[in-house]
Amino acid sequence: MAGLRVGHAEVAGERALTGTTVVLAPDGGVTAAVDVRGGGPATRETEALDPRNLVDRVEAVVLTGGSAYGLDAASGVVAWLEERGRGVRIPDRRHVVPVVPAAAVFDLGRGGEWGIRPDAATGRAAVEAAAASRERAAVVEGSVGAGRGAAVGPLKGGVGSASTVLGASGITVAALVVANAAGSVVDPLTGVLYGRYFEGRVGYPPAEVHEAARVRLEGLREGAGPAPLNTTLAVVATDADLSRSQAQKMAGTAHDGIARAVRPVHLLNDGDTVFGLATGVVPLRAGMPALNEVLAAAADVVTRAIVRAVLAAESVSGPGGVFPSYRELYGPDRWSGGSLTRSD
């Protein structure tokens with residue numbers, strides 16, 4: 001997405017399995033909104049994005065591990081922005097207050113050490129990485145940033161991204177997802193990722209491969225103890241010129257993309273949160289029909305991004321638990337035509 005940059009940072013340490021991801025807007029910010037559907041969200045500054053409230057543009061959005069503790073990562077991003085005079089300018093015109101919305105996934109203890117979580121230094125490292133990235137750089141996916149300790153049920157989760165260009169209008173819609181759900185992303189009857197059913201290119205793993213994977217996953221579930229406290233996060237962005245209320249509607253419809261790829265979803269154990277960003281470069285010339293295309297595409301790219309996150313994730317085995325990757329269990333997904341090298 002032109003104008004937006006993504007940076008990741010991970011907490012260092014042998015038992016550290018957490019990190020932070022920052023989506024950095026161009027100087028001057030972008031229109032922003034949010035829609036929270038999960039029953040246990042860990043968020044910061046989301047109320048500021050209500051269309052009825054003052055702030056209409058933000059300079060950055062933070063996705064982080066560490067649950068409520070990890071929200072401190074946003075402080076590092078705030079400090080970095082203040083140093084550059086970026087934020088809501090107060091009446092004296094000499095000072096700014098950066099408003100940085102943030103949401104966290106629950107990954108505490110995944111590396112085996114409860115007290116390890118992102119802090120302001122992690123957030124600063126992530127925003128610096130975003131600022132240093134080149135224009136239109138491919139997003140690094142998998143077990144990075146806020147997806148470092150992510151899990152989807154008993155599988156390893158991570159960061160994924162996807163985008164599309166709408167043919168009639170030329171509008172781009174893109175999604176960045178941290179897949180970290182209490183529900184499952186795999187159809188237990190076939191071994192197919194649920195999100196694949198909406199891509200129009202579904203193939204099925206060999207029966208013996210699926211049976212071996214099913215037996216292993218069942219064993220992991222039996223030894224997992226209480227249901228995990230998880231969350232799926234997403235930033236959905238478009239270059240269309242959306243109002244705040246339209247961006248909020250986009251964030252809301254994007255949740256449908258999570259529901260297609262994860263079952264069940266939006267549970268009390270989840271804090272599912274979607275941010276909607278609009279850079280405003282392309283006007284909505286066709287009015288409602290064009291907006292409806294954007295809304296539909298938002299859900300589609302979120303589904304695809306979750307699939308990519310799961311395919312890019314790397315297995316983890318350590319003191320905090322065993323989380324095999326989908327690729328470890330099922331192979332490289334050749335039967336669906338999946339690829340980890342495509343930038344779309």
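**Exercise 1. Glycine 170**

Task: Determine where glycine 170 is placed in this predicted model, and decide whether glycine 170 is buried, partly exposed or exposed.

Solution. 
Step 1. Glycine 170 has a relative accessible area of 37%.
Step 2. A residue is buried under 20% and exposed over 50%, with partly exposed in between. Glycine 170 is therefore partly exposed.
Step 3. Its place is in the loop between strand 12 (158-165) and strand 13.
Step 4. Residues up to four places away in sequence are not counted; glycine 170 then touches Val165 and Asp239. Glycine 170 and aspartate 239 are separated by 69 residues in sequence, while their C-alpha atoms are 9.4 Å apart in space.

**Exercise 2. Threonine 31**

Task: Decide whether threonine 31 is buried or exposed, and list what is in contact with threonine 31.

Solution. 
Step 1. Threonine 31 belongs to strand 3 (residues 30-36).
Step 2. Its relative accessibility is 11%. Because the limit for a buried residue is under 20%, threonine 31 counts as buried.
Step 3. Strand 3 is mostly covered, with six of its seven residues buried.
Step 4. With neighbours within four places in sequence left aside, the contacts of threonine 31 include Asp56, Arg57, Leu242, Arg244, Ala247 and Gly276.

**Exercise 3. The nonpolar cores**

Task: Find how many residues make up the largest nonpolar core and which helix gives the most to this core.

Solution. 
Step 1. In soluble globular proteins, nonpolar side chains tend to be buried together.
Step 2. The largest nonpolar core here has 46 residues, and Val173, Val185, Val236 and Ile306 have the most contacts inside it.
Step 3. Among the elements that each supply at least two residues are strand 13 (172-179), helix 4 (207-222), strand 14 (233-240) and helix 5 (244-261). Helix 6 gives the most, with 14 residues.
Step 4. Apart from neighbours within four places in sequence, valine 236 is in contact with residues including Val173, Met250, Val274, Phe275, Ala298 and Val302.
Step 5. There is also a second, separate core, which has 26 residues and includes Val23, Leu49, Val61 and Ala103.

**Exercise 4. The sheet of five strands and helix 2**

Task: Describe the order of the open sheet of five strands, then state which residues of helix 2 are buried and what covers them.

Solution. 
Step 1. The strand order is 1-2-6-9-4, with mixed pairing. Strand 1 (5-10) and strand 4 (43-44) are the edges, each pairing on one side only.
Step 2. Strand 4 pairs with strand 9 (residues 102-104) in the antiparallel sense over two bridges, and threonine 43 stands opposite alanine 103 in strand 9.
Step 3. Helix 2 (residues 73-83) packs on this sheet, touching strand 2 (19-24), strand 4, strand 6 (60-64) and strand 9. The direction of helix 2 makes about 155° with that of strand 6.
Step 4. The buried residues of helix 2 are Ala73, Ala74, Gly76, Val77, Val78, Trp80 and Leu81. Their cover includes helix 1 (67-70) and helix 3, as well as strands 2, 4, 6 and 9.
Step 5. Just after helix 2, glycine 85 takes a positive phi of about 65°.

Key: Residues are numbered from 1 along each chain as its sequence is written. This is a predicted model: local features need pLDDT of at least 70, side-chain atom pairs count only at pLDDT 80 or more; totals for chains, interfaces and linings use all residues. Side-chain values use heavy atoms; hydrogens and water are left out. Two strands pair if DSSP finds at least two bridges between them. Helices (H or I, at least four residues) and strands (E, at least two) are DSSP runs, numbered from the N terminus. Contact means heavy atoms within 4.5 Å. Axes are lines fitted to C-alpha atoms, for helices over the stretch in contact, and angles run from 0 to 180 degrees between N-to-C directions. A nonpolar core is a set of buried Ala, Val, Leu, Ile, Met, Phe, Trp, Tyr and Cys residues joined through side-chain atoms within 4.5 Å. Buried means under 20% relative accessible area, exposed over 50%, partly exposed in between (1.4 Å probe, protein chains only).
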